[in-house]
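Hi there,

Here is the structure I promised to pass on. Have a look at it first, and my notes follow below.

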Amino acid sequence: MLIRPVDLPSLRDETVDWVSASGPELYERAILDGRQLVKPMVASSARGAAILTAQEVGRLRKADLFYVSEQMTTLAVAAGRSLPEFTLMPEDLPSPSGLVYFAKPIAAVDYSQWYENEAESPIVAASWGHWTGNNPAWVNGGVWVTWYADRDANFDSALERGAGNPRRIEAARRVSGRLLVDNESQSPFTTTPVGVADQDGQETTFAEATGVVRWLATLRATWLLMSQPVASVQEAEFDRAARRRAERQGQPSPRVRVISLRRPASTASGHSDREYNHQWIVRGHWRQQWYPARQVHRPLWIAPHVKGPEDKPLLGGERVYHLAR
């Protein structure tokens with residue numbers, strides 16, 4: 001599935017239509033199968049599915065749109081693996097509600113290890129919005145994240161594995177949106193540290209986590225990186241036809257923010273009171289940065305770079321390659 005930044009408004013509208021039509025059946029089946037671990041506290045599975053559908057449609061309709069370039073996605077996935085725990089607050093999100101599309105999958109889940117005749121599901125997008133939670137401890141509310149998979153890659157995987165009747169698979173493809181609801185995550189807004197738990201409820205860290213916790217680490221890293229010097233945030237350019245179409249539909253002009261890697265201004269740094277007789281590689285890493293205006297520490301990504309006098313030899317004779325847009 002080739003998606004460009006300018007495709008996101010129509011992709012969002014298509015996803016709204018698909019979730020509206022298919023969500024009640026999809027969520028009810030997940031509830032009855034025991035796979036919908038977080039669900040409304042209502043007696044009827046059908047009523048719970050209707051609530052989940054309405055909530056997701058509401059998040060999508062209000063969502064600001066973000067497109068993360070392939071190189072920035074690579075960085076977010078790598079940075080997420082070493083992301084330190086931090087207390088998530090509304091100010092850490094780039095918008096109250098959003099839909100982000102990653103130019104390459106952030107994960108690929110092989111569901112056949114749990115369910116017979118299931119395909120591989122590449123995770124390529126996520127929506128988010130405010131959620132009050134079912135836990136009284138969520139006094140500040142929190143954020144609900146819905147994860148989306150690439151329909152075509154998912155269905156192609158099913159065909160390759162013989163996971164079902166080919167005609168039925170193609171029929172399902174024709175009536176499905178290009179983004180398929182795959183899973184969800186929830187995080188509270190809190191001023192005190194909250195640990196993360198894996199799918200078995202065991203406490204873990206982002207570095208050791210797998211599954212949706214690892215995806216959440218990638219998304220949190222993306223949110224942080226968007227506002228840091230390593231990222232370049234630009235508006236996608238829409239042609240006149242797209243703008244006029246929005247006017248006829250009574251909608252504002254489409255807006256998509258494209259997140260790319262910023263080209264580094266320099267590849268070496270040697271400013272210090274000390275004298276060094278070599279250069280060395282500083283690997284990419286997170287550093288806790290104090291933000292006086294908010295009175296909080298937040299992880300700041302320090303990009304890989306070479307440190308030391310430019311006229312001195314590099315230890316190990318290695319080279320550092322900078323990703324640039």
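Helix 3 (residues 70–81) packs against helix 6 (residues 211–226) at an angle of about 115°, and their axes lie 8 Å apart. Axes here are lines fitted to C-alpha atoms over the stretch in contact, with angles running from 0 to 180 degrees between N-to-C directions; helices (H or I, at least four residues) and strands (E, at least two) are DSSP runs numbered from the N terminus. In contact terms (heavy atoms within 4.5 Å), Met72, Leu75, Ala76, Val77, Ala79, Gly80 and Arg81 of helix 3 meet Arg214, Ala217, Thr218, Ala221, Thr222 and Leu225 of helix 6.

Please keep in mind that this is a predicted model, where local features need pLDDT of at least 70 and side-chain atom pairs count only at pLDDT 80 or more, while totals for chains, interfaces and linings use all residues. Residues are numbered from 1 along each chain as its sequence is written, and side-chain values use heavy atoms, leaving out hydrogens and water.

Met72 turns up again in the largest nonpolar core: of its 40 residues, Met72, Val145 and Trp147 touch the most other members. Such a core is a set of buried Ala, Val, Leu, Ile, Met, Phe, Trp, Tyr and Cys residues joined through side-chain atoms within 4.5 Å, buried being under 20% relative accessible area with a 1.4 Å probe, protein chains only. Helix 6 gives the most to this core, with 9 residues. Another core, of 36 residues, lies apart from it and includes Trp18 and Val124.

Overall, the protein chain has 7 helices and 15 strands, and buried residues make up 46% of its 325 residues.

Best wishes

Methods:
Buried means under 20% relative accessible area, exposed over 50%, partly exposed in between (1.4 Å probe, protein chains only).
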